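Visitor: I have a few quick questions on this one. Can we go through it together?

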Amino acid sequence: MKTVYESTFVAVGSSARESLDDNFIITFGEGAPQDVADYCFIHRTEVNDGGAFNAGSVLAIGEKEYLVTAVGSVARENLRDLGHITVRFDGAEQAEFPGTVHVAGSTPASIEPGQKFRMLSE
């Protein structure tokens, strides 16, 4: 698999960790408006190869890899342009919302600055 998107988490919004208890995270690239950033895991993009990923791709947070099971209709563009997606750890096969990426696997216990955030695809 090829890395189509890679970044490093640089900050955690004051309310972002609460989403882990509900089995999802919201990511946003650096420069997110503060009222949004409070709820997001903020990351700095290093590789942005156009956002080509689909169900069957792999999303990685740190060393943990998750199989992508569904991709919302605007998730690719949002990740490519803003670093913004919602990741749901529920294995759903249909995207709940246009900006959501669903993955199979257990929700991470924590996400910390310095961890990598990657999307791998064929």
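Visitor: Is T3 buried, exposed or partly exposed?
Guide: T3 counts as partly exposed, because its relative accessibility is 25%. Buried means under 20% relative accessible area, exposed means over 50%, and partly exposed is in between (1.4 Å probe, protein chains only).

Visitor: Before we go on, what kind of model is this, and how are things counted?
Guide: This is a predicted model: local features need pLDDT of at least 70, side-chain atom pairs count only at pLDDT 80 or more, and totals for chains, interfaces and linings use all residues. Residues are numbered from 1 along each chain as its sequence is written, and side-chain values use heavy atoms, with hydrogens and water left out.

Visitor: Back to T3. Which strand is T3 found in?
Guide: T3 is in strand β1, residues 2-12. Helices (H or I, at least four residues) and strands (E, at least two) are DSSP runs, numbered from the N terminus.

Visitor: And what does T3 touch, not counting residues up to four places away in sequence?
Guide: T3 touches V47, D49, R118, M119 and L120. Contact means heavy atoms within 4.5 Å.

Visitor: How many Å apart in space are T3 and F28?
Guide: They are 19 Å apart, C-alpha to C-alpha. In sequence, T3 and F28 are 25 residues apart.

Visitor: New topic. What does UniProt place at H43?
Guide: The unreviewed UniProt entry has "modified residue: Phosphohistidine" at H43. UniProt positions are given in the numbering used here, feature names are shortened, and annotations may be inferred rather than shown by experiment.

Visitor: Is H43 buried or exposed?
Guide: H43 is buried, because its relative accessibility is 0%. The residue is in strand β3, residues 41-48.

Visitor: What is H43 in contact with, leaving aside neighbours within four places in sequence?
Guide: The contacts of H43 are Y5, S7, T8, F9, V10, T27, F28, G29, E30, G83 and F117.

Visitor: OK, zoom out. How many helices and strands are in the protein chain?
Guide: Two helices and eight strands. Along the sequence, the pattern is β-β-α-β-β-β-α-β-β-β.

Visitor: What is the radius of gyration of the protein chain?
Guide: The protein chain has 13 Å. That agrees with a compact globule, because 122 residues would give a radius near 14 Å. The radius is taken over C-alpha atoms, and the globule rule is 2.2 Å times the number of residues to the power 0.38. The C-alpha trace spans about 35 × 30 × 25 Å along its principal axes.

Visitor: What share of the residues counts as buried?
Guide: Of the 122 residues, 46% count as buried. Among contacts between residues at least 6 apart in sequence, 69% join residues at least 24 apart.

Visitor: How many positive and negative side chains are there?
Guide: The protein chain has 9 positive and 18 negative side chains, and the centres of the two sets lie 5 Å apart. Lys and Arg count as positive, Asp and Glu as negative; His and the chain ends are not counted. The place of a charge is NZ of Lys, CZ of Arg, CG of Asp or CD of Glu.

Visitor: On to V101. Is V101 buried or exposed?
Guide: V101 counts as buried, because its relative accessibility is 0%. V101 is in strand β7, residues 100-104. Not counting residues up to four places away in sequence, V101 touches F53, V68, A70, A75, I85, T86, V87 and R88.

Visitor: And E93, buried or exposed?
Guide: E93 counts as exposed, because its relative accessibility is 69%. E93 is in the loop between β6 (85-88) and β7. Leaving aside neighbours within four places in sequence, E93 is in contact with T69 and A70.

Visitor: Where is R80 found?
Guide: R80 is in helix α2, residues 75-82. R80 is partly exposed, with a relative accessible area of 34%. R80 touches N48 and G50, not counting residues up to four places away in sequence.

Visitor: Last one. What is the phi of N23?
Guide: The phi of N23 is positive, about 65 degrees, although N23 is not a glycine. N23 is partly exposed, with a relative accessible area of 39%.
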